[in-house]
Amino acid sequence: MKLHNLKDNTEVVSFGQAVRQGLGRQQGLFFPSSLPNLGDIDALLAEDFVTRSSCILSALIGDELPSETITKMVDSAFQFPAPVKSVTDNISALELFHGPTLAFKDFGGRFMAQSLAAVTESPDEKITILTATSGDTGAAVAHAFYGMSNIDVVILYPKGKISPLQEKLFCTLGGNIHTVAINGTFDDCQSIVKQAFDDQALREEVGLNSANSINISRLMAQICYYFEAVAQIPKAQREELVISVPSGNFGNLTAGLLAKALGLPVKRFIAATNDNDTVPRYLESGKWEPQTTIPTISNAMDVSQPNNWPRIEALCAEQGWGLDTLGYGKASDEQSAESLRELNALGYVCEPHGAIAYRLLREQLAEGEVGLFLCTAHPAKFKEVVEDILTTEIELPLPLEKHDKLPLLSLERDNDFEQIKQILQQL
């Protein structure tokens with residue numbers, strides 16, 4: 001597999017190099033130089049989740065890793081389902097929260113851990129994972145890499161801007177997992193990560209890598225659950241399928257569009273955001289004007305400078321898709337709450353991110369189309385918010401109940417790269 005740097009096309013790397021590096025020169029994102037032909041898509045959709053995902057990832061990675069190795073990686077990473085649940089006659093929910101940290105990022109985090117282990121050249125090679133999280137990435141990455149030898153994980157998150165249960169899930173592990181609450185926003189955390197990758201001496205000294213959706217292995221894993229979703233949709237409906245994706249850093253939507261480029265029958269996608277609506281405003285006006293990040297009840301989407309947008313523009317250009325074919329929209333906290341209550345009345349308990357995706361889907365679905373919205377986290381991860389809106393109690397699943405009783409182990413730091421650099425050098 002060959003990937004090129006979107007900011008410097010002369011930098012071309014293999015899958016293994018992209019996994020180990022994370023980012024390219026000038027903080028450029030790696031992107032596939034070409035996409036494989038997956039052959040008979042209907043036959044592929046008839047396979048089980050692990051078999052199908054192994055075929056997709058083997059085709060993408062090519063002969064760089066043996067197919068038997070990729071199958072083992074997938075089997076280890078995807079040990080939980082991604083069920084489609086009917087909500088109305090023409091709208092269903094794709095539940096991506098049945099993994100160990102109850103969020104969609106379990107798929108990408110666990111596959112990245114497997115990928116990094118597979119492409120590491122020496123068992124003694126020092127690796128430091130540095131990542132920023134707006135909520136769910138932190139837990140997925142922490143649990144995927146917890147206890148792995150020669151790998152330290154440093155996770156930055158905005159202090160007071162993720163839910164208490166999200167925080168407990170990854171800030172109570174200790175060991176090789178180091179968590180830092182930054183006095184700032186998610187975009188500030190992301191900026192520190194980028195500064196670290198720009199420091200070539202630091203990168204080499206600590207063996208720096210990133211587990212954000214910056215890392216191509218995470219995106220590749222996420223492609224697979226779009227195929228799994230469509231496999232559960234009746235064949236006669238697939239050509240009319242519209243998928244609404246709750247969007248913050250836009251990795252999830254990037255993966256969906258990559259799935260479509262690989263031949264998955266999806267009519268169109270909707271990019272659903274909260275009040276941090278840089279992309280909807282850009283698609284409306286053609287002007288890229290990030291604003292100050294606004295805290296919302298859908299905090300994992302509180303991102304005003306989404307990292308993955310250049311990948312979406314590059315893919316659309318390569319495929320000849322106009323950006324005007326992409327649906328988009330935003331929902332306020334009040335509208336999110338309205339949609340949570342509407343879903344609850346339909347017998348489906350959701351959380352704010354999925355509720356936004358549902359709202360935009362319901363508003364934009366045309367006659368004859370069928371809709372699917374992504375539920376990216378378990379409602380219990382936003383227990384306080386959901387209970388307040390629905391005036392009902394949300395039972396804690398076992399993973400949350402266990403971590404909720406443990407003390408937080410996080411450090412607190414200012415929005416200052418030098419302070420984080422010092423932490424990295426002391427590991």
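How many salt bridges does the structure hold? I counted a salt bridge wherever a side-chain nitrogen of Lys or Arg lies within 4 Å of a carboxyl oxygen of Asp or Glu. On that criterion the structure holds 18 salt bridges.

I note that this is a predicted model, in which local features need pLDDT of at least 70 and side-chain atom pairs count only at pLDDT 80 or more, while totals for chains, interfaces and linings use all residues. Residues are numbered from 1 along each chain as its sequence is written, and side-chain values use heavy atoms, with hydrogens and water left out.

Entry 1. I looked up Arg268 and Glu369, whose side chains form a salt bridge at 2.7 Å, N to O. This pair links distant parts of the chain, 101 residues apart: Arg268 is in strand β11 (residues 268-273), and Glu369 is in the loop between α15 (352-364) and β13 (370-375). Helices (H or I, at least four residues) and strands (E, at least two) are DSSP runs, numbered from the N terminus. I then checked burial (buried: under 20% relative accessible area; exposed: over 50%; partly exposed: in between; 1.4 Å probe, protein chains only). Arg268 counts as buried at 18%, and Glu369 counts as buried at 5%.

Entry 2. I found Glu338 in a salt bridge with Arg359, with 3.3 Å between the closest N and O atoms. The partners, 21 residues apart, lie in helix α14 (residues 333-345) and helix α15 respectively. Glu338 is partly exposed at 34%, whereas Arg359 is buried at 10%.

Entry 3. I recorded a salt bridge between Lys383 and Glu387, the closest N and O atoms being 2.7 Å apart. Both lie in helix α16 (residues 383-390), four residues or about one turn apart. Lys383 is buried at 16%.
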